[in-house]
Amino acid sequence: MIHRRLDEHAQTVGKLETTVAISGQVEAQLRDQIAALEERMRKNHAEVAPTIEEWKRIKTLGWGVSSLLVIAGVSAASIASIAWDWFAAVVRHWLKIA
């Protein structure tokens with residue numbers, strides 16, 4: 001009876017040792033894969049960084065052009081409004097309308 005229980009404990013300890021060993025190997029593989037992914041991410045970031053900076057520059061340039069177009073539109077609308085008032089006054093004077 002004691003020998004049987006000792007054998008059961010020995011088997012349990014053996015299974016636990018195997019489980020711990022396998023877990024350690026899996027963890028080591030995961031660490032290696034994570035390190036490889038981190039390296040790949042750094043490399044990809046280094047390759048893409050100039051494109052991102054160029055895109056930021058283009059975006060800033062776009063905001064500037066858009067702002068200039070808005071200012072030009074407001075200016076043109078103001079000039080058109082003033083010109084319309086002047087044109088209406090000329091037509092009233094020409095047609096002798098009060």
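**Talking through the model**

Modeller: Gladly, and please keep in mind that this is a predicted model. I can start with a side chain: Trp 84 is exposed, with a relative accessible area of 57%.

Biologist: Which residue does Trp 84 form an aromatic pair with?

Modeller: The partner of Trp 84 is Phe 87, and the pair is tilted, with 5.9 Å from centre to centre and 40° between the planes. The structure holds 1 aromatic pair.

Biologist: How far apart are Trp 84 and Phe 87 along the helix?

Modeller: They are 3 residues apart in helix H1, which covers residues 2–95, and that separates them by about one helical turn.

Biologist: And Phe 87, how exposed is that?

Modeller: Phe 87 has a relative accessible area of 43%, which makes it partly exposed.

Biologist: Changing topic, how many helices and strands does the chain have?

Modeller: There is 1 helix and there are 0 strands. The radius of gyration is 40 Å, whereas the globule rule gives 13 Å for 98 residues, so the chain is more spread out than a compact globule. Along the principal axes, the C-alpha atoms fill a box of roughly 130 × 35 × 10 Å.

Biologist: What share of the residues is buried?

Modeller: Buried residues make up 1% of the 98 in the chain. The chain exposes about 9300 Å², and carbon and sulfur atoms supply 68% of that area.

Biologist: Where does H1 kink?

Modeller: The kink, of about 40°, lies at Val 48, shortly before the proline Pro 50. At the other end of the story, H1 is followed by Lys 96, whose phi is positive, near 55°.

Biologist: What about His 3, is it buried or exposed?

Modeller: His 3, which is found in helix H1, counts as exposed at 64% relative accessibility.

Technical notes:
Residues are numbered from 1 along each chain as its sequence is written. This is a predicted model: local features need pLDDT of at least 70, side-chain atom pairs count only at pLDDT 80 or more; totals for chains, interfaces and linings use all residues. Side-chain values use heavy atoms; hydrogens and water are left out. Rings of Phe, Tyr and Trp (its six-membered ring) pair if their centres lie within 6.5 Å; planes under 30 degrees apart count as stacked, over 60 as edge-to-face and the rest as tilted. Helices (H or I, at least four residues) and strands (E, at least two) are DSSP runs, numbered from the N terminus. Buried means under 20% relative accessible area, exposed over 50%, partly exposed in between (1.4 Å probe, protein chains only). The bend at a residue is the angle between axes fitted to the seven residues ending there and the seven starting there. The radius of gyration is taken over C-alpha atoms; the globule rule is 2.2 Å times the number of residues to the power 0.38. Accessible areas come from the Shrake-Rupley method with a 1.4 Å probe; for residues, only the protein chains shown count as cover.
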